[in-house]
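Reader: I have a new structure to look at, and I would like to learn how to read it. Could you walk me through it?

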Amino acid sequence: SILFFPRQKLEYTLTRSLPRLATADASVVSLKGGIVRIAVTERTPYALWCEQDECFLFDEHGFVFAPRRGDQLVRNEIFYSGMIHDDPTGTWFLPSYFEDVMRTVAAVENVGVDIASLEVLNEHEYRMKLKDGMLLLARFDSDSNTLAENLKIALSSDMLRDRL
């Protein structure tokens, strides 16, 4: 019977088997004809995560949902790289640290420096390459506010101010 179709299971299966889908919403359109409508929302590319010539798209939550095809645009200008093993589609970029890293990126940019890329070096560290060429090394467990404050102090020093 159409009244007992597995709506939640269908929605769950669609979003798990098709990583590009952010949401799936199934509803009965016609009881008589047994028609079900499924409305889906695709994920929006936020940034690229690349290793050599292979790039993958991830959304604003860090979910890697597709390989990059052609010149697909992303909302974030920062280029992310490093530590890709196999095809990460359907996984999370930095699952334990994504929110902390995004807070650190925002805090560093609030100091007034532009980040060109972020490279994951290993399971403990990453580095941000600033658009002026300077490199910032950070640990995943670093406090974003402390890191930004230390950067602000360093950039205000006479020795660095003249070099930037």
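This is a predicted model: local features need pLDDT of at least 70, side-chain atom pairs count only at pLDDT 80 or more; totals for chains, interfaces and linings use all residues.

Author: Gladly. Residues are numbered from 1 along each chain as its sequence is written, and side-chain values use heavy atoms, with hydrogens and water left out.

Reader: In what order do the elements of the chain run from the N terminus on?

Author: The order is α-β-β-β-β-β-β-α-β-β-β-α-α.

Reader: Why is the chain said to be more spread out than a compact globule?

Author: One looks at the radius of gyration, taken over C-alpha atoms, and sets it against the globule rule, 2.2 Å times the number of residues to the power 0.38. Here the radius is 21 Å, well over the 15 Å that the rule gives for 164 residues, so the chain is more spread out than a compact globule. Its C-alpha atoms fill a box of roughly 80 × 30 × 25 Å along the principal axes.

Reader: Now the strands. Which strands form the open sheet, and in what order?

Author: Two strands pair if DSSP finds at least two bridges between them. Seven strands make up the open sheet, in the order 5-4-3-6-7-8-9, with mixed pairing. Strand 5 (64-67) and strand 9 (135-139) stand at the edges with a single partner strand each, so one side of each has no neighbour in the sheet.

Reader: How does strand 7 run relative to strand 8, parallel or antiparallel?

Author: Antiparallel: five bridges join strand 7 (residues 115-120) to strand 8 (residues 125-130). You can find valine 120 opposite tyrosine 126 of strand 8.

Reader: Which helix packs on the sheet?

Author: For this we need contact, meaning heavy atoms within 4.5 Å. Angles run from 0 to 180 degrees between N-to-C directions, using lines fitted to C-alpha atoms, for helices over the stretch in contact. Helix 2 (residues 98-110) packs there, touching strand 4 (54-58), strand 6 (79-81), strand 7, strand 8 and strand 9, and its direction makes about 30 degrees with that of strand 8.

Reader: What about strand 1 and strand 2?

Author: Strand 1 (residues 21-30) and strand 2 (residues 35-42) pair in the antiparallel sense over eight bridges. Serine 30 has isoleucine 35 as its bridge partner in strand 2. Their hairpin has four residues between the strands, and glycine 34 takes a positive phi near 65 degrees there.

Reader: Is aspartate 59 buried or exposed?

Author: Buried means under 20% relative accessible area, exposed over 50%, and partly exposed in between (1.4 Å probe, protein chains only). Aspartate 59 has a relative accessible area of 3%, so the residue is buried. You will find aspartate 59 in the loop between strand 4 and strand 5. Leaving aside neighbours within four places in sequence, aspartate 59 is in contact with Arg43, Thr44, Tyr46, Phe65 and Phe98.

Reader: And how much of the chain counts as buried?

Author: Of the 164 residues, 35% do. Leucine 94, in the loop between strand 6 and helix 2, is buried at 11%.

Note on methods. Helices (H or I, at least four residues) and strands (E, at least two) are DSSP runs, numbered from the N terminus.
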